[in-house]
Amino acid sequence: MTVGFAMLVHNSLDRAAEVARHWARNDCPVVIHVDKKVERRAFKTLTASLGDLENVKFCKRHSCEWGTWSLVEASQSAAEMLLEEFPDVRHVYLASGSCLPLRPVQELKDYLADRPMTNFIESVTTEDVPWTVGGLDIERFIFRFPFSWKKHRRAFDGYVRFQRRIGFKRKVPEGLTPHLGSQWWCLTRQTLTAILEDPDRPIYDRYFSKVWIPDESYFQTLTRLYSTNIESRSLTLSKFDFQGKPHIFYDDHMQLLRRSDCFVARKIWPHANKLYAGFLSDDASIFTGAEPNPGKIDRVFSKAVERRTKGRPGLYMQSRFPNDNWENGLTSSTYSIFEGFTELFEDFEEWLARVTQTRVHGHLYGPDRVEFAGNQKVFAGAMTDSAELRDYNPRAFLTNLIWNTRGERQCFMFGPADNQDISWDVAKDPNAQISVITGAWAVPLFFSNANFSDIRREAARLQRIEAEHLEVLRSVWTKARVRIWTLADFIENPMEPLQTIIDEIGARQANRLTEAPRMVSLDGFGQFLQNLKNQGMHPHLMGDFPVGPPLNEARRKTSKPYVVK
Amino acid sequence: MGVNHFIFVENNSDDGTREYLAEQEDVSLWTSKASYKRARFGMDWLNWLMRKYANGHWCLTIDPDEFLVYPFCDTRGLRALTDWLDASSIKSFGSMLLDMYPKGRMSEQTYAENQDPFEIANWFDAGNYMIEKNPKFGNLWIQGGPRARMFFPDNPARAPALNKIPLVKWQRGYTYVSSTHNLLPRGLNLVYDEWGGEKASGCLLHAKFLHTFADKAAEELERRQHYAASHEYRAYAEKLEDDPDLWCKWSEKYINWRQLEILGLMSKGNWA
């Protein structure tokens, strides 16, 4: 008793011949179906090259087109011939010209001999297949497909839509439950002859000849009629990409294929010389006795599909440039923006870096230059401190920075004097943590030595910009984690908000803050705001600052660094 | 290597290139004494040659100082790539220009003929590229790298384009518009995914910044044969007077294509 191979071949005939010879030499008969589209001369060369082998035969040729009945006809012809001519064949293995055996043939024979009545065919009901491409699952069985998918795609798609609209339904022959699965199967003589010799076969054939991609459903459905001993999996390792095209194996997959313990793999690139030489040589006969385990290969290929469909979040590059809102994450990881903190605390940046162990930059979007951490002129990824380069594409500057520093959290300062072009981007980015002390930009003005009329003008400008920015942060589209305090509220009790922010960053020291940043003295700030008001401006973003000294008294206390128990 | 035939256009060379190429069996050589600039920077020559000879072939159009790196290029030949592109019904393959430079001043290390230029210029910028979409042709417009950083920090709009589509399954009627930056019909420029995924892409390592560059920049400026009134070369010449060092402590040293893929400069897409 042995296994016989029915092989469907349409190109790379020399490779197919090599594989057929390998099987034949190991006492497995092979019947080859060669696509009628293959030129006569090439066919002659193939038959001649295998002429010395008695157990290799060629069956009637059909002209094959992907997705059509012709492929089933080809496998029927090959299987019929194999069963008829080689009576010791117990299992028929359907293979293609780009298949390659990965394990010694004897091991496959032993494996099948141990399971003499088992049919290996992936066969799943249409409700349960997630992998059909183009959404055609049950529709494959109930629609008509008179147009070629390859040559007349529009007509094909249009006709499908039309049938959907009118609710067209072909009758499925009685007793059949449509099943789908990989077209590469291995069936027992008993089951296969039952299918091929069934008196109702003309009915089934007539029905399936109009089904879409019948090679994935004909045997898969009919097997269910005649056998209950079905292992619903294919012995052939065959991976498909997101468009339903088979993945191709190359020389560099050698180790992966070896470790898969699968019996046969497809598709093999015809020029993968090392694979063919390695797996077809006689010394490749290492018996492992292991069950096929395509898991490792599955991981590699599902990763590839994920890369193609989802990509790496936060990456913008020559072959990934998502449309707005399709970024799958505007940036690659979380970061924090602080607005108004350096204005209020003298040593905020140093303090933050110390407490959170993150990379703390100054005003990255500052008007004159990019203030990278440590005053560096160039930073990760060779980004420079040129404001012109940054402002040429402010969003790219942000996404590049976050991408370049994967694994290290970035914090930076921001304010109304900075380039505001990224307002919307950061507001809509769930990776952003934005903390704002509104009106804090007035503190440096308060300390500045400029003429009061200039201060007043600048204050009005900054307030207008910050108000606009706050409107963005408060919009319904905001996905960032935004916290906003007025200056007056914040200085009432600065430790609590600071603690919340630091906790969220997830600093390594999980304890309570023991050290506060040094707050500038705000003595006279209330009066300063009153002066602005007296000049006709309305500074409202700072919150309520009383003019009088009593509150100043209280504030002097909080302005000292203090320790929370 | 996986290339069946080479087509060269030689334009006023004087270093024996012509004689060397003429001897090679798999090379067809065209020589032009005419103006590179008047031929739209050589593109008219190339488009004509491809129209005539490239129909139905995969064509890699590159300058002599560009070196293609694509996913798996250390284990799979070009033929594997083009077969895969064919099987995936992909007609064009993008490969961004990656400017390579030495550590230290350009004049410090001397490049010898036949030497691997990346023995000297083996550093690059990993993450300072800026991308926009070109609405007219649908291609991406990429700028950045050491050239933007060093020569155009005050005028980034002038920084040269780095996006390239060098590998195309050519059909009569296709045409390169501006260098190999973009093509017509527009669909060929869609070498990037717009819905979050990554398409497969490569890089063209650019061996421009060698000790020969200063002389070349001066010569090119003299010839006045370059794009946009040779603005680019004027900027180079100006900076090159101080013999700059493009290297910085954040520069990356080139290892292999996998490194470029991890850094996000190129992608395997769904090729595995």
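**Cysteines, helices, loops and cores**

Analyst: The structure holds 0 disulfides over all chains, a disulfide being a pair of cysteine sulfur atoms within 2.5 Å. This is a predicted model, where local features need pLDDT of at least 70, side-chain atom pairs count only at pLDDT 80 or more, and totals for chains, interfaces and linings use all residues. Residues are numbered from 1 along each chain as its sequence is written, chains are lettered from A and ligands numbered from 1 in the order in which they are written, and side-chain values use heavy atoms, with hydrogens and water left out.

User: Switching to helix H14 of chain A. Which of its residues are buried?
Analyst: In H14, residues 348–356, they are A:Phe348, A:Trp351, A:Leu352, A:Val355 and A:Thr356. They sit on the same side of H14(A), because their arc around the axis is only 105 degrees. The arc is that of the directions from the helix axis to the C-beta atoms. Helices (H or I, at least four residues) and strands (E, at least two) are DSSP runs, numbered from the N terminus.

User: What follows H14(A)?
Analyst: A:Gln357, with a positive phi near 60 degrees.

User: Other backbone points. Where is A:Ser12, and what is its phi?
Analyst: Phi is near 45 degrees, a positive value in a residue other than glycine. A:Ser12 lies in the loop between strand E1 (2–9) and helix H1 (13–25) of chain A. A:Ser12 is partly exposed, at 23% relative accessible area.

User: Is B:Asn114 buried or exposed?
Analyst: Exposed, with 76% relative accessible area. Phi of B:Asn114 is near 70 degrees, positive in a residue other than glycine. The loop that holds B:Asn114 runs between strand E6 (95–99) and strand E7 (123–124) of chain B.

User: Which peptide bonds are cis?
Analyst: Among them is the one from A:Arg266 to A:Lys267, with omega near -5 degrees. A:Lys267 is in the loop between strand E12 (264–266) and helix H11 (273–280) of chain A. Another cis bond runs from B:Leu184 to B:Pro185, with omega near 0 degrees. B:Pro185 is in the loop between strand E12 (182–184) and strand E13 (202–206) of chain B.

User: Now the cores. How many residues are in the largest nonpolar core?
Analyst: 97, with A:Met7 and A:Trp23 having the most contacts inside it. H1(A) gives the largest share of this core, 7 residues. A nonpolar core is a set of buried Ala, Val, Leu, Ile, Met, Phe, Trp, Tyr and Cys residues joined through side-chain atoms within 4.5 Å.

User: What does A:Trp23 touch?
Analyst: Leaving out residues up to four places away in sequence, the partners of A:Trp23 include A:Phe5, A:Met7, A:Cys28 and A:Val264. Apart from this core lies another, of 69 residues, among them A:Trp351 and A:Cys411.

User: Last one, B:Asn270. Where is it, and what does it touch?
Analyst: B:Asn270 is in the segment after helix H7 (257–263) of chain B. B:Asn270 touches A:Asp241, A:Phe242, A:His247, A:Ala304, A:Arg308 and B:Trp84, not counting residues up to four places away in sequence. At 3% relative accessibility, B:Asn270 is buried.

Notes:
Buried < 20%, exposed > 50% of the residue type's maximum accessible area, 1.4 Å probe, protein only. Contact = heavy atoms within 4.5 Å.
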